[in-house]
Amino acid sequence: MSDATPRILATHLENFKHQNVRILGKVTQLRGENAQIDAGGLITILLGRDSHLTLNHAVEIIGKVQQDLTIRVLASTDFGTGVDFDAAAAVVDATHRYKEIFYGDE
Amino acid sequence: MSYNNYDNQYSTTSYGAQGGAGGGGFIPGDGSQNSPGSANRGYSKDTLRPVTIKQLLEAQPMHQDGDFKIDGTEITQVTFVGQIRNISNQTTNITYKLDDGTGTIEVKQWVDSDASEAQVAARPKLVENDYARAWGKLRIYNSKRHVGAQIVRPITDINEISYHMLEATVVHLHFTRGPPESLNAGAGTGAATNGSYGQQQQMGYGGGIQDMGGNAGLPAMSASAKKVYNVLKTMPQSNEGLHQQAIAAQLNMDMGEVARAGDELLSAGVIYTTVDDVTWAVLEVD
């Protein structure tokens, strides 16, 4: 599937290098053009011009995994404070365990 | 072919053509009663399936009339959640491009020319980058797939996205692997999950999960067929089985409905007739 953006956590970064992925995490640090989110582990993300992140809010990032396992953000969506991270982690688990309905070739 | 205009809250105009030339045709109604396009099928087969967009893009076409199968079972209505990438307002419809992380698909919501201005104003406004949930039918037109949607609504609780992905996974597993074995014991947790599915899904799927007790091999069938089957399995009876009348009395169903359910079960090969055509027993496979 060419335009699928599989949901991942920090542990999957290594396996998805140079691919577009979707990550739901909690904003832990804001440092100008960079930020840090917690998605089952800390991930450094490089922000685009129109990304406005809020500390401690959940954010869904769509971006490309770089060689150094940081993410170059293509789009971000603020998900607020009501996110159930356990459910989100379950979705990531299901995504990879049953990937036939989430990403990859048939 | 002529189709009546069904006047409901989400009314749409239908252009007559459907199936292969599905671009102009759209069948309104909630699927369980009013489906002029499926007059040859009977309403008991209509279902609502939670799916991922990837599943829609890879759904198997069945015959010429534009029906599809996902995970080996026919789909009628589908529901899914995605982020709006694009909104295109056209004269006859609003086209949303929805992306749920598994793929992108166009969702066409027909413009209701009869709706009053107040009705239109009351509808929740959707903007790009919002997440929305859509309900509708998968269609194909000029080899391109899209969804003809009756309802496209913004998501209010952000966890609905996670919920939908997990629900789609469960349903996918149900159709590819059969109901989970833990439900056969009729355990409390199993029953609790089943209750919510039963409420949210229409017959075809809800019936599938609720049926437990070693019925892993039972094909998807209507709710009344499931009820009749369960009575045949559990009600005390002689080795002649149960008469149609006894089943109807037990379930408080009318004879016609029991007869139809019986036909379904007979053709599925899970029951058989004993002393006469209207006395049935469950086919036990040891």
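Author: Let's start at the hairpin that strand 4 and strand 5 of chain A form, with five residues between them. This is a predicted model, so read the numbers that follow as computed from it. In the turn of that hairpin sits L69(A), with a positive phi of about 70°. If you want a pair to click on, take E60(A), which stands opposite T77(A) in strand 5 of chain A.

Strand 5 of chain A (residues 71-80) also pairs with strand 3 of chain A (residues 42-46), this time in parallel, through two bridges. There you'll find L46(A) standing opposite R72(A) of strand 5 of chain A.

E60(A) meets R22(A) in a salt bridge, at 3.1 Å from N to O. E60(A) belongs to strand 4 of chain A and R22(A) to strand 1 of chain A, so this pair ties together parts that are 38 residues apart in sequence. As background, side chains of opposite charge can pair when their charged atoms come close. Over all chains, a search of the whole structure finds nine salt bridges.

R22(A) forms a salt bridge with D99(B), with the closest N and O atoms 3.2 Å apart. The rule finds one salt bridge across the interface of chain B and chain A. There are also 13 residue pairs in polar contact between chain B and chain A, counting pairs with both residues at pLDDT 80 or more. Sorted by class, the side of chain B that touches chain A has twelve polar, eight nonpolar and six charged residues.

For the interface as a whole, 28 residues of chain A are in contact with 26 residues of chain B. The area buried between the two chains is about 2100 Å², and carbon and sulfur atoms give 57% of it.

While you're over on chain B, have a look at its open sheet of three strands, which has the order 2-3-4 and antiparallel pairing. Strand 2 (60-61) and strand 4 (73-75) of chain B are at the edges with a single partner strand each, so one side of each has no neighbour in the sheet. Strand 3 (residues 68-70) of chain B is joined to strand 4 of chain B by three bridges, and F68(B) stands opposite I75(B) in strand 4 of chain B.

One last stop, for the aromatics: the structure holds two aromatic pairs over all chains. One of them is F16(A) with Y103(A), edge-to-face, at 5.9 Å centre to centre and 65° between the planes. F16(A) lies in the segment before strand 1 (20-31) of chain A and Y103(A) in the segment after helix 1 (85-97) of chain A, so the pair ties together parts that are 87 residues apart in sequence.

Key. Residues numbered from 1 in each chain as written. Chains lettered and ligands numbered in written order. Heavy atoms only, no water. Contact = heavy atoms within 4.5 Å. Buried area = accessible area lost by both parts, 1.4 Å probe. Salt bridge = Lys/Arg side-chain N within 4 Å of Asp/Glu carboxyl O. Polar contact = N/O pair within 3.5 Å; in protein donor to acceptor, adjacent residues only side chain to side chain. Nonpolar A, V, L, I, M, F, W, Y, C, P; charged D, E, K, R; others polar. Pairing = 2+ DSSP bridges. Helix = DSSP H or I, 4+ residues; strand = E, 2+ residues; numbered from the N terminus. Phe/Tyr/Trp six-rings, centres within 6.5 Å; stacked < 30°, edge-to-face > 60°.
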